[in-house]
Amino acid sequence: MLGGMQDWPLRIMRLLDHAEREHGPREIVSLYAAGNTERTNWIGVARDARRLAKALERLGIKKGDRVATLAMNHARHLVAWYGTIGMGGVLHTINPRLFADQLIYIANHAEDRVLFYDQAFAPLVEKMKPHWKTIEHYICFDPAEGSGFEDLIAGEDGDYAWVEGDEREPAMLCYTSGTTGHPKGVLYEHRSTVLHALMEVSTDCLELSARAVGLPIVPMFHAAAWGMPFAAPLVGMKLVFSADYTPKVMCDLMRAEKVTHSAGVPTVWLAMMQYVEATGEDLADLRVVTIGGSAAPRSMIRFFMERGLRVGHAWGMTEMSPIGTIGAPPADWHEFSDEEQLDYIARQGRVPFGVELRIVDDEGAVLPRDGKASGRLQARGPWIIERYFQDESGPAVDAEGWFDTGDVAILHPDGTMQITDRAKDVIKSGGEWISSIELENAAVGCPGVAEAAAVGVYHPKWDERPILLVVKKAEADVTPDTIREHLGTCVAKWWLPDEIVFVESLPHTATGKLLKTALREQYKDYKLATAA
């Protein structure tokens, strides 16, 4: 047949080439841990990425080798991403908040050959060096005498052609600690990453454009900062990075750089909300907030919507690159009442093109999308994992390509998905499921409650009953009775916790989520007074 279209592989470096060529002067701003602000642009990032690619080859790094980073968000880190990927290497972002044994395991399992790190993590690096068996070169991002990042690339002229290859070649390695046992590696490909970026800039996803100014509060070591550093060059967006997430610093930076889009986990936004309420600050030019990592409390969604912001409530996983769903207003949005809009955004949103979802029961039978049935959530698509990195246990999906997310969810007839719990966190009381997430989010909406965690404890009649662990806001006089009264307006009566326990703090995972495994272990032998 005569006729046809051109073909070139969907490789990540084409994103940077586009930004350099079409949006070159658009700024990349970095507020470093030392307090200094540095500015570059897409031309500068592309130039330095080429210099780094040459430098890595000079160090003996070959196509397919793993190059690790242990760093916060800044332009040098971004250069390391593109320089590594551009010379055919596989970028491995290491989460500095992991436990020591996890840090040892993932660097050795990945067989990293180079490590770029922030000076702030130098003590951690020194502690780990004796245990990391394959790392040959340690390079500090911060200015250093003769051994730093700038010194490494200083002698390179930037005359470099990106390594080409198949679009299905690996580009990035992220480990997830959300499983039992050792962390597991998720290997992103060029093709999967480009497809994810194309989806992410769309209006019903992150709504990114050349006019946008994006500040990813989510760290670059957390599921590729949710893909924002790959989506930004696709549209030539200005990027603003900060190594300091304290609310005052973030508010000042957002105002100074006219930030319009930001993304982060609920714990970060909670601190920001408390700061804004205490100081009377406003959110300046901010207009789109993406909240993910764990479920956003209804009170948080209300806070931003009342200030005229669009809230994108997202759900995903490292295994999904990471976006699986995100809340976008439907066609009849303006016909919704305020409470109906809140109800809608409180769910985890709809799937973009490229993701398919279904729920199944414990026997694997597919359940209806009726807004009532609750089951194990499964996903498939071109940026969703098929097999973990160097995992001999076989595929991570079933014969039809479905990946079990480990979440329990409801699929609604309008296309929205609602997470009700992690499969292992759900509280089973008298054969019925109680959502710990809904209990926690309802509790955080009570005045005086800073944070809450619901866990199931043994009950002789009901098998399990919930208790609620609560961290009070400073100087709050909230009581168990006021919390229980508030909860009574939000959840079914039989969901109400049997006991409410005040605690000084709650444990969190390396990505800011409640560490339910530790809480379940701590309270596994808890004796309910009502069960005596």
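Mentor: Start with the rule for a ring pair. Rings of Phe, Tyr and Trp (its six-membered ring) pair if their centres lie within 6.5 Å; planes under 30 degrees apart are stacked, over 60 edge-to-face, and the rest tilted. This is a predicted model: local features need pLDDT of at least 70, side-chain atom pairs count only at pLDDT 80 or more, and totals for chains, interfaces and linings use all residues. Residues are numbered from 1 along each chain as its sequence is written, and side-chain values use heavy atoms, with hydrogens and water left out.

The rule gives 14 aromatic pairs. Take W81 and F230: their ring centres are 5.2 Å apart and their planes meet at 40 degrees, so this pair is tilted. W81 belongs to helix α3 (residues 75-86) and F230 to helix α8 (residues 228-235), so the pair ties together parts 149 residues apart in sequence. Helices (H or I, at least four residues) and strands (E, at least two) are DSSP runs, numbered from the N terminus. Both W81 and F230 are buried. Buried means under 20% relative accessible area, exposed over 50%, and partly exposed in between (1.4 Å probe, protein chains only).

Ring pairs join W81, Y82 and F230 into a cluster. Now look at what F230 touches, where contact means heavy atoms within 4.5 Å. Leaving out residues up to four places away in sequence, its contacts are I12, L15, W81, Y82, I85, M172, T193, A197 and A224.

F230 also counts in the core. A nonpolar core is a set of buried Ala, Val, Leu, Ile, Met, Phe, Trp, Tyr and Cys residues joined through side-chain atoms within 4.5 Å. The largest one has 91 residues, and F116 and F230 have the most contacts inside it. Helix α2 (residues 42-58) gives the largest share, 8 residues. A separate core has 76 residues, among them V213, V240, V478 and A510.

T193 and A197 lead us to helix α7. They are among its buried residues, as are H190 and E200. The helix (residues 190-200) is mostly covered, with 8 of 11 residues buried. Those buried residues pack against α1 (13-22), α3, β7 (170-176), β8, α8 and β14 (323-326).

Two of these strands sit in a sheet. Strands pair if DSSP finds at least two bridges between them. The open sheet has 6 strands in the order β6-β5-β3-β4-β7-β8, with mixed pairing. At its edges stand β6 (137-140) and β8 (184-189), each with a single partner strand, so one side of each has no neighbour in the sheet. Inside the order, β3 (residues 66-70) and β5 (residues 112-117) pair in the parallel sense over 5 bridges. There, A68 stands opposite L115 in β5.

Finally, charges can meet rings. A charge sits over a ring if NZ of Lys or CZ of Arg is within 6 Å of the ring centre and within 35 degrees of the ring normal. R76 lies over the face of Y32, 4.4 Å from the ring centre. The charged end of R307 sits over the ring of F303, at 3.7 Å from its centre.
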